[in-house]
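Please read these notes with the sequence and the model open.

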There are 4 protein chains.
Amino acid sequence: MQKIINRLKRIEGQVRGIQKMVEDDRYCVDILVQISAIQSALKNVGFSITERHIKHCVSDAIKQGEGKETIEELLNVMKQFSK
Amino acid sequence: MQKIINRLKRIEGQVRGIQKMVEDDRYCVDILVQISAIQSALKNVGFSITERHIKHCVSDAIKQGEGKETIEELLNVMKQFSK
Amino acid sequence: MQKIINRLKRIEGQVRGIQKMVEDDRYCVDILVQISAIQSALKNVGFSITERHIKHCVSDAIKQGEGKETIEELLNVMKQFSK
Amino acid sequence: MQKIINRLKRIEGQVRGIQKMVEDDRYCVDILVQISAIQSALKNVGFSITERHIKHCVSDAIKQGEGKETIEELLNVMKQFSK
């Protein structure tokens, strides 16, 4: 998980960078490009965590014959993400 | 712009909150719900900046008969955002 | 699966409806609203199929201790979808 | 606009293709890949129409000093699209 924490620290820095860009009245399009980069980075963190979740929690629940609820929960969070 | 900076500060705090959740080994789905909340918040900041950009830079360029390039640039950033 | 086929038939009709709107030179924003409705409908079909896939293929593979590849494949298609 | 109508006809054919895939009980992941291809194609049609809209309606409204409402409307449809 250290890798994910490092990625989140980098994202935190990028968000701070955008604050600075807004304060410095930088060109809107340049700010939007940066925001879009953070979106991608966050999405990738989301995928890594989803991967982990499926490989562990979901798989374990399925193996124990208790997959139904865990799968519903997974699908709900996937739907929320896709909004 | 102060409102946008405040929203970015809140997002920065939320990103830090997720780091904590990962360190504390919190349930994956709870982390994913938080990431999805940040995605929404960032998207809204992106829209506010896009709105500002269209109302000022793009409108001014169009009024001066120089809209072509600015519109292309706007569409490109919109495409990047929608990825 | 009949429900999914019915939904796809409705989507097909909606796509034809947009062709007509474009031919009739209807207001761009009205066309965009319709396209966005189709996007939502398609996304929902995608979720239904994903649900089915996880509940059957993925679950079966995991139960047989062969989940690894199926999970990778699932994650890849989820990534493609989120673009 | 003929190009856009042609693209919509192709999309209509792709939607029909997916119905066939579902009827033939094809592998879920293959169906999902096709749905994701239609999503991209529709998104591109949406961008082409948005481009047209900005270059004509929105630009004309701005030139006549009546951009405010048109820009609001554009932003609303962009928000709907990004869901």
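The numbered points below start with the basis of the numbers and then go through the contacts between chains.

1. Basis. This is a predicted model, in which local features need pLDDT of at least 70 and side-chain atom pairs count only at pLDDT 80 or more, while totals for chains, interfaces and linings use all residues. Residues are numbered from 1 along each chain as its sequence is written, chains are lettered from A and ligands numbered from 1 in the order in which they are written, and side-chain values use heavy atoms, with hydrogens and water left out.

2. Relation of chains A and B. The same surface serves both copies, since 100% of the contact residues of chain A recur in chain B (contact means heavy atoms within 4.5 Å).

3. Extent of the A–B interface. Here 38 residues of chain A are in contact with 38 residues of chain B. The buried area is about 3700 Å², and carbon and sulfur atoms give 73% of that area (buried area is the accessible area, with a 1.4 Å probe, that two parts lose on being put together, summed over both). On the chain A side, the residues that lose the most area to chain B are Gln19(A), Leu32(A) and Gln39(A), together 15% of what that side buries.

4. Two salt bridges are counted between chain A and chain B (a salt bridge is a side-chain nitrogen of Lys or Arg within 4 Å of a carboxyl oxygen of Asp or Glu). In one of the salt bridges, the side chain of Arg16(B) meets that of Glu12(A) at 2.8 Å, N to O. There are also eight residue pairs in polar contact between chain A and chain B, both residues at pLDDT 80 or more (a polar contact is a pair of N or O atoms within 3.5 Å; within protein, one must be able to donate a hydrogen and the other to accept it, and residues adjacent in sequence count only if both atoms are side-chain atoms).

5. Make-up of the chain A side. Helices α1 (2-23), α2 (28-63) and α3 (67-81) of chain A each supply at least two residues of the side that touches chain B (helices are DSSP runs of H or I, at least four residues, numbered from the N terminus). The most comes from α2(A), with 18 residues. By class, the residues of this side of chain A are 22 nonpolar, seven polar and nine charged (Ala, Val, Leu, Ile, Met, Phe, Trp, Tyr, Cys and Pro count as nonpolar, Asp, Glu, Lys and Arg as charged, and the others, Gly among them, as polar).

6. The D–B interface. Chain D has 17 residues in contact with 17 residues of chain B. About 1700 Å² is buried between chain D and chain B, with 77% of it from carbon and sulfur atoms. Two salt bridges are counted between chain D and chain B, and one of them joins the side chains of Lys55(D) and Glu72(B) at 3.0 Å, N to O. Four residue pairs, both at pLDDT 80 or more, are in polar contact across the interface of chain D and chain B.

7. Make-up of the chain D side. Both α2 (28-63) and α3 (67-81) of chain D supply at least two residues each to the side that touches chain B. The most is given by α2(D), with nine residues. This side of chain D divides into seven nonpolar, three polar and seven charged residues.

8. Salt bridge in helix α1 of chain B. Over all chains, the structure holds 20 salt bridges. The side chains of Glu12(B) and Arg16(B) form one of them, at 3.1 Å, N to O. Glu12(B) and Arg16(B) are four residues apart in helix α1 (residues 2-23) of chain B, so about one helical turn separates them. Glu12(B) counts as buried, at 9% relative accessibility, whereas Arg16(B) is partly exposed, with a relative accessible area of 40% (buried means under 20% relative accessible area, exposed over 50% and partly exposed in between, with a 1.4 Å probe and protein chains only).

9. Lys20(B) forms a salt bridge with Asp24(B), whose closest N and O atoms are 2.6 Å apart. Lys20(B) is partly exposed at 48% relative accessibility, and Asp24(B) is partly exposed with a relative accessible area of 42%. In chain C, Asp24(C) and Lys20(C) form a salt bridge with closest N and O atoms 2.7 Å apart. Asp24(C) is partly exposed at 43% relative accessibility, and Lys20(C) is partly exposed with a relative accessible area of 47%.

10. Network. Glu12(A), Arg16(A), Glu12(B) and Arg16(B) are joined into one network by salt bridges that share partners.
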